[in-house]
Amino acid sequence: MAIPRIHCELKLGPGAQFSLAPDAAQHVAKSLRLKAGDAIVVFDGRGGEYDATLTRIDRDRVDVKVGPFRDGVEEPVLVLGLVQGLPEADKMDWIIQKATELGIAWIQPVVCERSVVRLSGERAERREAHWRRVAVAAAEQCGRTRVPEVRPTLGYMNWIAVPTDVPRWLLSPDAPAVTAHAPAPSPLELVIGPEGGLAERERSLALDRGFESVSLGPRILRTETASIVALSAIHALWGDFQGTGPGSRL
């Protein structure tokens, strides 16, 4: 059985002793049914991880003693971000989970003209907090030592008005294929619309601002499929899947 990995908000160091946050404590004690003396791995998202030992498990408290540091799995060679038009239902959970496993650096949710889900205010904050927990759980599972940033939800027009030097690829079925592109720049941001894609004015505005339009082949992919295929293709062509990066593994 693999040693469980737990993300901690505290800044960690060898010899530190602390109590796990309530959600992590419940996961360790009730879901994993670990006991005092069991080994775990802890990481704080700043890079690297630590061997650790559970020193106390009570009904409402789990204490940990931190052991030696190790580098852990390297982050991807390419720094990739995802701008995701809000999809329906729980599709965003799946997208964040899989994008985290594939090494995404940040995720920007945007409310597009064709988004069925509309988030703002406290409702948006609750969903963002949930999505961050999804990203943490995915990082714990896949061996990453950094948790991707889930940025505050923005309306498409507010998001596109923010200046950036990061190149952006706009996924579109009628554009040149990713496979025909020169090596992907890094950092790079992938822009994917919701169900039904971006509205024409959203797409035109993006192209006017210098976004590059690329496709993933002749078939029209669902929004929850497109991001995963794009990340996988980019890694296969120029990143970790080639086996050239220090963190490469299949």
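## Strand β3 and its partners

In strand β3, Val41 is the bridge partner of Arg5. This is a predicted model, in which local features need pLDDT of at least 70 and side-chain atom pairs count only at pLDDT 80 or more, while totals for chains, interfaces and linings use all residues. Residues are numbered from 1 along each chain as its sequence is written, and side-chain values use heavy atoms, with hydrogens and water left out.

Helices (H or I, at least four residues) and strands (E, at least two) are DSSP runs, numbered from the N terminus. Two strands pair if DSSP finds at least two bridges between them. Strand β1 (residues 5-7) and β3 run parallel and are joined by three bridges. With strand β4 (residues 49-57), β3 pairs in the antiparallel sense over four bridges; here Ile40 has Ala52 in β4 as its bridge partner. β3 and β4 form a hairpin with five residues between them, and Gly45 in the turn has a positive phi of about 85°.

Buried means under 20% relative accessible area, exposed means over 50%, and partly exposed lies in between (1.4 Å probe, protein chains only). Strand β3 (residues 39-43) is largely enclosed by the rest of the structure, because four of its five residues are buried.

## Nonpolar cores

A nonpolar core is a set of buried Ala, Val, Leu, Ile, Met, Phe, Trp, Tyr and Cys residues joined through side-chain atoms within 4.5 Å. The largest one has 33 residues, of which Trp169, Leu190 and Ile234 touch the most other members. Two or more residues of this core come from each of β6 (80-85), α2 (91-101), β7 (106-111), α3 (121-142), β10 (168-171), β11 (188-192) and α6 (223-238). Helix α6 gives the most, with six residues.

Contact means heavy atoms within 4.5 Å. Apart from neighbours within four places in sequence, Leu190 is in contact with Gly81, Leu82, Val83, Trp169, Ala230, Leu231 and Ile234. A second, separate core has 17 residues, among them Val28, Leu34, Ala52 and Val62.

## Salt bridges

A salt bridge is a side-chain nitrogen of Lys or Arg within 4 Å of a carboxyl oxygen of Asp or Glu. The count by this rule is 15. Asp44 forms one with Arg46, their closest N and O atoms being 3.4 Å apart. Asp44 is buried at 9% relative accessibility, whereas Arg46 is partly exposed at 43%.

Arg70 forms a salt bridge with Glu49, with 3.0 Å between the closest N and O atoms. Arg70 lies in strand β5 (residues 62-70) and Glu49 in strand β4, so the pair ties together parts that are 21 residues apart in sequence. Arg70 is partly exposed at 33%, and Glu49 is buried at 7%. Both belong to a network of salt bridges that links Arg5, Glu49, Asp51 and Arg70. Lys91 and Glu224 form another salt bridge, the closest N and O atoms being 3.9 Å apart. Lys91 lies in helix α2 and Glu224 in helix α6, so this pair ties together parts that are 133 residues apart in sequence. Lys91 and Glu224 are both buried.

## Cysteines

A disulfide is a covalent bond between the sulfur atoms of two cysteines. The rule used here is a pair of cysteine sulfur atoms within 2.5 Å, and a search of the whole structure finds zero disulfides. For Cys142, the closest cysteine sulfur is in Cys8, 16 Å away, which is too far for a bond. Cys142 is buried at 19% relative accessible area, and Cys112 is buried at 2%.
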